[in-house]
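Have the structure open as you read.

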Amino acid sequence: MMLAAFCVLLTVALYFANKQLYRRFPRLLFSPVILTPALIVAALVVIGIPFDTYLTDTHWLLWFLGPATVAFAVPIYQHRTLIRDHWMALAAGTVIGVTVAVSTSWGLGQVFALPPDVAHSLLLRSVSTPFALEMATQMGGRADMTAMFVVFTGLAGIITGELILALLPRKSSLSRGASYGATAHALGTVKAREHSEQTGVMASLLMIFSGLLMVALLPLLSRLFV
């Protein structure tokens, strides 16, 4: 019991400390999604706590993904006017983003002859974590591997996003936000909010709608790929 409490407190403390650090120094390497896991792994190695023990003691933190998923309804309601005014762009961005993500993931699985559980986990790489973890087992994948692919995809999106967007002719806040939300989900939304509130809102909406579309397509995807 004491060990479980220590692991939870360690995780929460490092995360909130990292958030404060990132607010003061908004650099990629200081991002909580990068630095916090690295610090946790380093602490476990130094203290001598097996990683399996850590996962067992902190697994209940995943329960917060449930409320987080439900909370996605809030920005949809708050920005219903934006959705009404730009519904065609949102719909097109969602469909195109999901289609490209699934097809390229499937292609990578075929090219590299990935094992089925790895390939199925990879299919969900461009969906925000709450949606991806719920869909992972139903797609024949693994939740831990799916989470890893989601994080790596988000990191790749925010690292290359600025460079790619700089080369594109359209640079409006709405198009920039849509690009981040469709390709880098939650991490992209955080990055988009650094540009402007409107950019962050559009990224958030694309992220949510992409997740909802993937959930709606789950029965079809399961028949096609599982």
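What follows covers a helix pair, then a cavity, then a pocket.

This is a predicted model, where local features need pLDDT of at least 70, side-chain atom pairs count only at pLDDT 80 or more, and totals for chains, interfaces and linings use all residues. Residues are numbered from 1 along each chain as its sequence is written, and side-chain values use heavy atoms, with hydrogens and water left out.

**The helix pair**

Let's start with α1 (residues 2–24) and α2 (residues 32–47), which pack at about 140° with their axes 9 Å apart. Helices here are DSSP runs (H or I, at least four residues) numbered from the N terminus, and axes are lines fitted to C-alpha atoms over the stretch in contact, with angles from 0 to 180 degrees between N-to-C directions. That makes α1 and α2 oblique to each other, the label for whatever isn't under 35 degrees (roughly parallel), over 145 (roughly antiparallel) or 65 to 115 (roughly perpendicular). Their crossing is right-handed, meaning the near helix is turned clockwise from the far one by less than a right angle.

On the α1 side, the contact (heavy atoms within 4.5 Å) includes Phe6, Leu10, Leu14 and Tyr22, while α2 brings in, among others, Pro32, Leu35, Leu39 and Ile47. By class, that contact has twelve nonpolar, three polar and one charged residues. Ala, Val, Leu, Ile, Met, Phe, Trp, Tyr, Cys and Pro count as nonpolar, Asp, Glu, Lys and Arg as charged, and the others, Gly among them, as polar.

**The cavity and the pocket**

On a 1 Å grid over the protein atoms alone, a cavity is a set of points where a 1.4 Å probe fits but cannot get out; a pocket is an open set with protein on both sides within 12 Å along at least five of seven lines, and lining residues have an atom within 4 Å of a point. A volume is the space filled by probe spheres set on the points.

A search of the whole structure turns up one cavity of 30 Å³ or more. Its lining includes Gly97, Val98, Arg125, Ala182 and Met214, and α7 (87–111) and α12 (197–225) each give two or more residues.

As for the second largest pocket, Ala178, Ser179, Tyr180, Ala182 and Thr183 are the closest to its centre out of 28 lining residues. Helices α7, α10 (143–167), α11 (173–193) and α12 each supply at least two residues.
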